[in-house]
Amino acid sequence: MHHIVPVGRRARIARMRQSWQSLKWWMPAGVAIALGGAVWLAQRSLAEQHAMFETDARIVHRLLSQQVVQHDAILATLALLQPAGVGTANSPPEQRLPALYPQILAVQRRDAGQDWRDAALAEAETASRQARRATLALPDLSSGRYRMVLAATPTSYAVTIDLRAMVPWTEWPMQRESSPVRVSLVHAGSEHVIQPGALSAAGGPGWRFEFHKVVAAESQPFDVVAVREVGWGQLPWGRMLAWVLTVAVLLAALRHLQRQRNERRRAEELLRLGQVGRLNTLGELAAGMAHELNQPLTAVLANAQAAQRLLNDDPPAIDTARGAMAQAAEQARRAADVVGRLRRAVERPDTAGRQQVVDLAEAVRHALYLLEPECRRRGVAPLLEGPQSLMVQADPVALDQIVHNLMLNALQALELVDAGARRLTLTLHALDGKADFAVTDSGPGIAPDVLPRLFEPFFSTRNGGLGLGLSLCESLAQGMGGTIMAANAPGGGAVFHLQLPTAPGTAA
C-alpha cells in the first residue's frame, strides 16, 4: 500500500522517531497531571467543606441536646419542689418559669383528685408513670411547638415548648439566613425546620452531605438532621484553573527545551553529514599525495639542479644536461599520474565494503527532518508518496549524503520561482529489483546545454558553487551498484532519480 503524506499540514513525518516518541508520552502525561491535580484540588475542597459541615452539625446537635436535657431538668425540679404551702392558689411557683425560660410557653399541673382537660395529657401522664420519666404528648413538630408531661405525686406537670425560641442563637455556629446548611428536627414523620439552608427542590447535580443524630434526651427523641448540597459552581475553579495553567506553562517550557535540544541535534547531524565523507577523503588524499609525490618531486628537483650545474660548467655539458632534464620530465609525468589516480579514487570511493540493508524510506524521512528548517524558510511543504518502508542494499552514510544533496538542490532551485508555485514531491517505488527514489521540483528546470554536463566534476551553474555535489552523488551511487539520472519534468521543473538495488526478499 502506498501513502501520500503532506508534510506540514498533517503530522510531520520528517521528525525523528525520538521526537515522535516524546510527543506520545508528554502530551498524555501533561493532561493526566493537569486533570489529576485539578481532581485532587476538587476532592480536597470537598473534604474541607464536609469536615466543616460535620463540625457545625455536631455543634448544633450538642446545643439542642443541652436544651432538651434542660427541659427534663425543669420538670424534675418541679416534681421535687412541690411541698404543700409553697406559693399561692393565684400564683403557683411554676407559672414564673416562662419568664425565666423563653422557650417555655406554658406550664400546666394536675393536682391529686383532678383530671387533665386534654385527653392527650392524660395519656402522656399514664405513659410517664410507666416509663418513670417525662414523655411527649402527641407531638407535632410542624406546628413549631410540642408538649411533654412528667407524672409525679401528688402533682403532675406538663410544659409547652416553643421550638423556635429553644434554639440558642448566640452560640449557633452558622448564619441562619445565609448558611447553605439546612437544619431540622424530625420526629414520627413531622419536621420542624430550624435553619432553611439552600437546597434544590430536585436535588441538583453535585454532592450531598447529610448528618443524622438523635438528641441526648430519652424523653424527647428528636432526630437532628443537617443537609448540605455542594454544586459544581462551588468547586475551587480558580485554583483548579491556576493549576492547569501552571502545568501547561511548565510543559510548554519543557517542550521548548526539548525542541531546542532537537534543533541542536539536527544541526550536529547536518554538520556530520556534510563533513564525514569529506574529512575522510581529504585525509586519505593528503596522506596519499604526501607519500606518492615525495619521490618523483625529489627526483625532479635533483635532476633540475644537476642540469643547472652542467649548464654552468665551462664548457657546458649540453648532452648530459639534456639527459638530466629528460629524467626530470619523466618524474613530472609520474607525479601527474599519481595525482590522476588519487583524483579517480576520490571521485569513485569504495563503498561496496560498507553496504548493508538500509530502509530508503527512513533515509528520506531523516533527510526531511534535517531539512525541515530549510523547507519552512522557503514556504515549501514536501509531499512524500510511496510505501512506509523500502529496503535497499546500500552504505548508510553514502545514502544519507545522496538523498540530502538531491533534496537540497531541489529546494535551492525552488528559490528561483514564486513562493506560491513552489512544489516538492518525493516518490518511492520498487520495480524489477530496483528501488527508485524520485525528487521532483517545480523550479525553472534544467537548461538543455547544462543537462549533459550536470554530473561533471567542478561543473556548477551557481555562483560560488564547487560543482562537486552531483558528481560525488553519482560516484557514491555507482559505488553501491546504483545510478542517478536527471531530466526535466513534463509539467515543468526538474526530476532526479536515484536507483539502488533492493534488498533480497523486497516485494516489487
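Colleague: Which order do the four strands of the open sheet have, and is their pairing parallel or antiparallel?

Modeller: This is a predicted model, and in it the open sheet of four strands runs in the order β2-β5-β4-β3, with antiparallel pairing. The edge strands, each pairing on one side only, are β2 (104–110) and β3 (135–136). At the β3 side, the antiparallel pairing of β3 with β4 rests on two bridges, and Thr135 stands opposite Val149 of β4.

Colleague: Which helix packs on the sheet, and what angle does its direction make with that of β4?

Modeller: That is helix α3 (residues 119–131), which touches β2, β3, β4 and β5 (156–162). The direction of α3 makes about 50 degrees with that of β4.

Colleague: Let us turn to the aromatic rings. How many aromatic pairs does a search of the whole structure find, and how is a pair of rings described?

Modeller: The general idea is that two values describe a pair of aromatic rings, namely the distance of the centres and the angle of the planes. In this structure the search finds four aromatic pairs. One of them is formed by Phe53 and Phe209, whose ring centres are 6.0 Å apart and whose planes stand at 45 degrees, so the pair is classed as tilted. The pair links distant parts of the chain, since Phe53 lies in helix α1 (residues 17–80) and Phe209 in strand β8 (residues 207–214), 156 residues apart.

Colleague: Are Phe53 and Phe209 buried or exposed?

Modeller: Phe53 has a relative accessible area of 2% and is therefore buried, and Phe209, at 9% relative accessibility, counts as buried because the cut-off is under 20%.

Colleague: What is the geometry of the aromatic pair of Tyr146 and Phe222?

Modeller: The pair of Tyr146 and Phe222 is edge-to-face, with 4.9 Å from centre to centre and 80 degrees between the planes. Tyr146 is buried, with a relative accessible area of 3%, and Phe222 counts as buried at 0% relative accessibility.

Colleague: What is the phi of Ala188, and where is Ala188 found?

Modeller: Ala188 has a positive phi of about 50 degrees although it is not a glycine, and this residue is found in the loop between β6 (182–187) and β7 (190–195). Ala188 counts as exposed, at 74% relative accessibility. A positive phi is also found at Asp432, near 55 degrees, in the loop between β13 (424–431) and β14 (434–441). Asp432 is exposed as well, with a relative accessible area of 70%.

Colleague: How many helices and strands does the protein come to, and what percentage of its residues count as buried?

Modeller: The secondary structure comes to ten helices and 16 strands, and 40% of the 508 residues count as buried. Of the contacts between residues at least 6 apart in sequence, 68% join residues at least 24 apart. The accessible surface comes to about 28100 Å², and 57% of that belongs to carbon and sulfur atoms.

Technical notes:
Residues are numbered from 1 along each chain as its sequence is written. This is a predicted model: local features need pLDDT of at least 70, side-chain atom pairs count only at pLDDT 80 or more; totals for chains, interfaces and linings use all residues. Side-chain values use heavy atoms; hydrogens and water are left out. Rings of Phe, Tyr and Trp (its six-membered ring) pair if their centres lie within 6.5 Å; planes under 30 degrees apart count as stacked, over 60 as edge-to-face and the rest as tilted. Buried means under 20% relative accessible area, exposed over 50%, partly exposed in between (1.4 Å probe, protein chains only). Two strands pair if DSSP finds at least two bridges between them. Contact means heavy atoms within 4.5 Å. Axes are lines fitted to C-alpha atoms, for helices over the stretch in contact, and angles run from 0 to 180 degrees between N-to-C directions. Accessible areas come from the Shrake-Rupley method with a 1.4 Å probe; for residues, only the protein chains shown count as cover.
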